[in-house]
Number of protein chains: 2
Amino acid sequence: MVNHTSSLNKSLKASPQQDKKSVTVHDVARVAGVSKSTVSLVLRGSEKASTKAKDKVLKAIEETGYVYNRDAAAMRSKSSDLVAIVINDLTNPYSAKLAVALEKHVRQLGLMATLVNTSEDVETQTQIVAKLKEYRVKAFIICPAPNTEAQWLEELQTMQTQVVSIMRQVSGSTIPCVLPDNEKGVYTATKALIKRGHKQIAFIGGDDAISDYHQRLLGFNNAINEHPDVSSWVFNSATNRQGGRLAMSMCLEKVPSIESVMCFNDIVAYGVMEYLAEQNIKPGSDIGVIGFDDLDDSKLMSVPLSTVKIDADDIAKAVCEILKGDKPESLKQVPVSLIERSS
Amino acid sequence: MVNHTSSLNKSLKASPQQDKKSVTVHDVARVAGVSKSTVSLVLRGSEKASTKAKDKVLKAIEETGYVYNRDAAAMRSKSSDLVAIVINDLTNPYSAKLAVALEKHVRQLGLMATLVNTSEDVETQTQIVAKLKEYRVKAFIICPAPNTEAQWLEELQTMQTQVVSIMRQVSGSTIPCVLPDNEKGVYTATKALIKRGHKQIAFIGGDDAISDYHQRLLGFNNAINEHPDVSSWVFNSATNRQGGRLAMSMCLEKVPSIESVMCFNDIVAYGVMEYLAEQNIKPGSDIGVIGFDDLDDSKLMSVPLSTVKIDADDIAKAVCEILKGDKPESLKQVPVSLIERSS
DNA sequence: AAACAAAAATGGAACGTTCCAATTTTAATT
DNA sequence: AATTAAAATTGGAACGTTCCATTTTTGTTT
C-alpha cells in the first residue's frame, strides 16, 4: 500500500527490513483507544461490546490493515473452524461436483472448507488425514478410499472432531454416514424399463469391490424379481467409459435380443451409448439405457440420457445437518429421483 | 475404543469429562526423560539431537499418542507449511486434473496443500482468499477468476506469502505466472491439419472473455497465414459440449466444404464429434478434428481424439520450481505436445 | 443525590510451540 | 590428566489470541 519513495536516498545495499512486525490486537486497541480485550470481543462479534466501541475498533482495523491470526486464536481457544473434505477421486466428475457442493454448504455454515484428494489410495488417505489432525480440524467429511479400516475411521472421531462419511459405507463402523438411496434409485429406474414393456434387461458396469455396487444391484434384482416374465443379466466392468463400451459389446454378443440396460453410473452409460451409436443402434428407441448420477453432460448428449439423479446439494445439506448436530442418526439415505429423457 | 460399561452404575446424568487435557511436548519430554526443547528439536528433524535422544522421544511420542500442534508451532515460528490451491472451476475436468497434480507435487515438497474452489466468481474468490490469509498460508497457487484485479493479486504477495498464478494471465500484474504454450500448441496442430492437405479450416469454440483464447487463436492465425492457399473461419461458442455442437452446426451450414476444425479445447471437440456423428460424418476421415487439453476420455472415444496435450504434471512442476525459489522469471511457458490420434 | 444493579471494559494469565542464550556433556588434543 | 573445542541439552521468554476475574462505567430506582 505504502510506497517508500525515499528508498533511493539511503543505504541502497541494505535490504529492506524483512517485516517490521505484524499488526496485532494490541495495535488495533491502541489506535482505537480501547483495550485488546475489547478488540477481541468485537472480532468475535460479541454482544458485550458497545456500538461505540465496535465502531472505533472497526475503524482502527481498517486503518491498520489488521489481519486476524487464526493460529493464535485456535491455539488459545482450542477450537477451529476448519472442515476437511476428503475426496476419494476428484477427477471423477461426480466426486468433483459433490466436493464443490460440500464446500459451498460448509462455507454457508460459517466454517472454512479445505479440500483434499486421496486418489482412492488408503495410504495417501492415512497420511493426509494425519497431517490434518495436526491442524486440529473441527470435522472430517470423508468419502473413504477402498480398504479403509473401520477402526481407523472410528478413532478419527474425538471429543473435538466430528466425522461424517459420505457415499460409501465402511462396514463395522458406527460413524454417521450419508448415502444416496442407491437401492431405491435403481429399483425405480428398472421398474420404468419394465413398464416400457421390456422383457430382457441387463445391469451393466461396476463390480464387487465398490461398496455401492451391492445396493444398486439389489435394487435391480428386486425390481426384476417382481416380474417373473422378465429375464435379466449382469455384466461387470470398470466404471469408466471404456468399461461401458466393453460390457455393452459383451452383452450384445451374449444376448442379441437385449431390450434395455440399467447402467451402474452415467459414465458407464456414456460408454454404452457410444458403442451403440457405432453399431447403428439408437439408444432409447432400439435399446433403453438408464444411467446413475445425472452428470451435467447427460442432458446435453445427442441422445439425452435418462438417469437416476443424486442431488449433490441434498447430500451436502444432509452432511451439514449432522455437523450442526441436528441429526444424531448414524445412517442418512438421501432420496434420489429418476429423470426420464430420450434414452 | 474404551467402552464405559460402568456408566450404568454411577451418576447417569453427569456427562463424561469433556476432554482431560491434550498431550503436549511437555508430556512427551517427561516420559522420554528429556527437556521439551529436545522434543521440539526431534519433532522438527533437527540434526542437533543425538540418536539416543531421538529414539527416546520417538518412543515417548508413540507411547503418549502425542499429536503435533501446528497452530502453536505456526504462531510461535511465524511460518506455515500450508499452500492454498485456488481453482476457478473444479467441475471442469481439466481443472480437476490440474488440481490433483498440483496437490500431489506440493505434498512432495513436504508442504500441505489445501484446495478451494471459486466457481469462476471473483466475489467468492475474494472472500475465500481473505479467509486463507487469516490462516497465514505460505503460498497461493491461483487460477484467477475472470475480472480479477491486478492490484488485488499484487497485494496478495507479501514478504511471507508467495503467489503464483496459473493457466491465466492477469494483465498488469507482475506475479509469476505458469501457462501452457497455447500459441505454439495451436500453431503446431493447425500446421498438422494443413499438412494433411486441408485447405478449408475453422477454429471453433471459446470467445474473447477467456484469457487464453487470444493466444490460441493467434497460433491458429499464424499457421494459416503461412499458407496463402488455405482459407480459414472462426466460430465462437461456449466452451462446453453444447457449444461445440452448436458451433459445428453453424460451421457446416456456412462452409459445407469445411475440411477440418481446430477446437478451443477437448470438451468443445467432444461436442463437435458428437454432432458430426449424428450427421454421419466421420471425424478424421471426412473432417479433421483436433482438441486441446488431452483429457483422459479423449483417447477412449469411439474415434480417439487428436489433441494438444497440456501435461498437468509439467505445470505443477513449474509451479513448484517457483515455490522453491529456483525460477525468478515472471512468466513460464510450459511446452505442450501434439498427440495425433484418429480424428 | 445516594444506592444499587447491569452493562461494558479491562489487565494478566494461559494456550503449546519455537527461539535464544546459557549450560552441560562429550570428544579430541596436548 | 588437563585443556579446549564442539556437540548436545536446557529453561525461560515470546508468539497473538482468548478466557477469566475484577474494575469501571452506565443507567435505574429510591
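What distance separates the centres of domain 1 of chain A and domain 2 of chain A, taken over C-alpha atoms? The separation is 36 Å. The structure discussed here is a predicted model.

## Domains of chain A

The domain assignment divides chain A into domain 1 (5–68), domain 2 (80–175) and domain 3 (182–311). The 36 Å given above refers to domain 1 and domain 2 of chain A.

## The open sheet of chain A

Chain A contains an open sheet of six strands, arranged in the order 7-6-8-9-10-12 with mixed pairing. Its edges are formed by strand 7 (231–235) and strand 12 (337–339) of chain A; each has a single partner strand, so one side of each is left without a neighbour in the sheet. On average, neighbouring strands of this sheet are turned by 20° against each other, direction ignored.

Within the sheet, strand 9 (residues 288–293) and strand 10 (residues 306–309) of chain A are paired in the parallel sense over four bridges. Asp293(A) stands opposite Lys309(A), a residue of strand 10 of chain A. Helix 11 (residues 266–278) of chain A packs on the sheet and touches strand 6 (200–204), strand 8 (260–263), strand 9 and strand 10 of chain A. The direction of helix 11 makes about 155° with that of strand 9 of chain A.

The loop between strand 8 and helix 11 of chain A holds Asn265(A). Asn265(A) counts as buried because its relative accessibility is 6%, and the cut-off for burial is under 20%.

Apart from residues up to four places away in sequence, Asn265(A) touches Arg216(A), Thr239(A), Gly291(A), Phe292(A) and Asp293(A). Among these, Asp293(A) is the residue that stands opposite Lys309(A).

## Gly291(B), in strand 9 of chain B

In chain B, strand 9 (residues 288–293) includes Gly291(B). A relative accessibility of 0% is why Gly291(B) counts as buried. Beyond four places in sequence, Gly291(B) has contacts with Met262(B), Cys263(B), Asn265(B), Asp266(B), Ala269(B), Leu305(B), Ser306(B), Thr307(B) and Val308(B). Between the C-alpha atoms of Gly291(B) and Pro180(B), which are 111 residues apart along the chain, the distance is 14 Å.

## Helix 2 of chain B

Which residues of helix 2 (residues 36–43) of chain B are buried? They are Thr38(B), Val39(B) and Val42(B). These residues lie on the same side of helix 2 of chain B, because they cover an arc of only 100° around the axis.

The cover over the buried residues of helix 2 includes helix 1 (25–32) and helix 3 (51–64) of chain B. Just after helix 2 of chain B comes Gly45(B), with a positive phi of about 65°.

Notes. Residues numbered from 1 in each chain as written. Chains lettered and ligands numbered in written order. Predicted model: local features only at pLDDT ≥ 70, side-chain atom pairs only at ≥ 80, totals over all residues. Heavy atoms only, no water. Helix = DSSP H or I, 4+ residues; strand = E, 2+ residues; numbered from the N terminus. Buried < 20%, exposed > 50% of the residue type's maximum accessible area, 1.4 Å probe, protein only. Contact = heavy atoms within 4.5 Å. Arc of directions from axis to C-beta. Domains from an automatic or database assignment. Pairing = 2+ DSSP bridges. Axes fitted to C-alpha atoms, helices over the stretch in contact; angles between N-to-C directions.
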